[in-house]
Amino acid sequence: MRVLHGPVNVGNQPYVLSRYERELGAKSSLVVNYATWFDYPADRVLGTYGDRSKRARLRRTAFALSAPFRFDVLHFYFGKSFLSPDDLTDEQARRYHDVKLARRLGRTVFVTFQGCDVRVSRRSAEQYAVTPCHLGECAAAPTCRELLDDRRIATVQALLPLVDRAFVLNPELVRYVPGATFLPYANVDVDAFEPIWPAPEREIRIVHAPSDEGIKGSARIVEAVERLKRRYPIDFRVVRGLPHAEALGLYRSADLVIDQVLAGWYGGLAVEVMAMGKPVAAYIRDEDLDVLPGGMREEMPIVRVHADTLEDDLARAIEQRGTWRELGERSYAYVRRWHHPGEIAREMLLNYERAREARRR
């Protein structure tokens, strides 16, 4: 089976998934339109961000329109195809000519939505008391209301009829993608990490590494931890703008990692640090959890915090830091049970094959 992932690598999900699909016998590749400052890997990069030259467009177009002839399965991410780069108008980007060609050729087409590619800000704010989509939290919220929400709705309406399956990586997103299936993160090769357990007898190292400070609630986190430093021996590190390989060193040194306090679900970073045996603190929105696989909710080892009581919640966790080793062990086991990319890749290949069989009938 020839599988193509692309055209973006957000959070390293498509790359790790494709590596494990290869281990299971598929000819799986990741091709991206351009790289980002996170420096995540890909098998091929078609161009550079912002290159609007005729040559760059021809290169992307040639790949996009040839891919459906060369691959059996095309798995897209973040609501984009290879013919919807950022330098096209929204109307042009949503035409999805390469996806339509794949459908005409009988190819299997999947899409994975990952967060703000599909979250409708105004609906999230109406639905939830705690969300980054409230005005005054994420700086993009006004733009989302005025412009991006309608684009996201239009993306779902245009793309869903063209795909065999749609997945979402955050339980909330099921609300915005009819018929979508929740998919646990497969962004980390969990077997590549050896545990480095918390050492609570020393100065407490707390790490926060926001990919987007407004979505993660970073201002609230920094304020709460700075106050807690008056009461506890805390070495607080905020990781910003580092390449992924450099950031890993700081993650390994952490005793506690604070992921986010607004989004209602933990992110790909949490999976990575739990694979190292680190406890993770995050806000988990209980009303979204019905879409989780059976047992995942009960086994989740996240230290629960709430934006409105963050300082008290973190203080309680620090007072119980003698349990962090056991919590780290549970976290280490949890990601191997629920986020192992080998198991997710195995199920994904079965999903591809089922979709292919359905199309043959």
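Predicted model: local features only at pLDDT ≥ 70, side-chain atom pairs only at ≥ 80, totals over all residues.
Next select strand 8 (residues 204-208), which pairs with strand 9 in the parallel sense over 5 bridges. Histidine 208 stands opposite valine 238 of strand 9.

Move on to the aromatic rings. The whole structure holds 10 aromatic pairs. Show phenylalanine 182 and tryptophan 265, an edge-to-face pair at 5.7 Å centre to centre with 90 degrees between the planes. Phenylalanine 182 belongs to strand 7 (residues 181-182) and tryptophan 265 to the loop between strand 10 (256-260) and helix 10 (268-274), so the pair ties together parts 83 residues apart in sequence. Tryptophan 265 counts as buried at 2% relative accessibility, and tyrosine 266 is buried at 0%. To see the cluster, select Phe182, Tyr185, Trp265, Tyr266 and Tyr334.

Two arginines come next. The charged end of arginine 285 sits over the ring of tyrosine 128, 3.7 Å from its centre. Arginine 336 lies over the face of tyrosine 332, 3.5 Å from the ring centre.

Finish at the second largest pocket, with a volume of about 190 Å³. Of its 13 lining residues, select Val303, Ala317, Gln320, Thr323 and Leu327, which lie nearest its centre. Helix 13 gives the most to the lining, with 4 residues. The lining divides into 6 nonpolar, 2 polar and 5 charged residues.

Conventions. Residues numbered from 1 in each chain as written. Heavy atoms only, no water. 1 Å grid on protein atoms, 1.4 Å probe; cavity = no way out; pocket = protein on both sides within 12 Å on 5 of 7 lines; lining within 4 Å. Points joined across faces, edges and corners; volume = space filled by probe spheres on them. Helix = DSSP H or I, 4+ residues; strand = E, 2+ residues; numbered from the N terminus. Nonpolar A, V, L, I, M, F, W, Y, C, P; charged D, E, K, R; others polar. Pairing = 2+ DSSP bridges. Phe/Tyr/Trp six-rings, centres within 6.5 Å; stacked < 30°, edge-to-face > 60°. Buried < 20%, exposed > 50% of the residue type's maximum accessible area, 1.4 Å probe, protein only. Lys NZ or Arg CZ within 6 Å of the ring centre and 35° of its normal.
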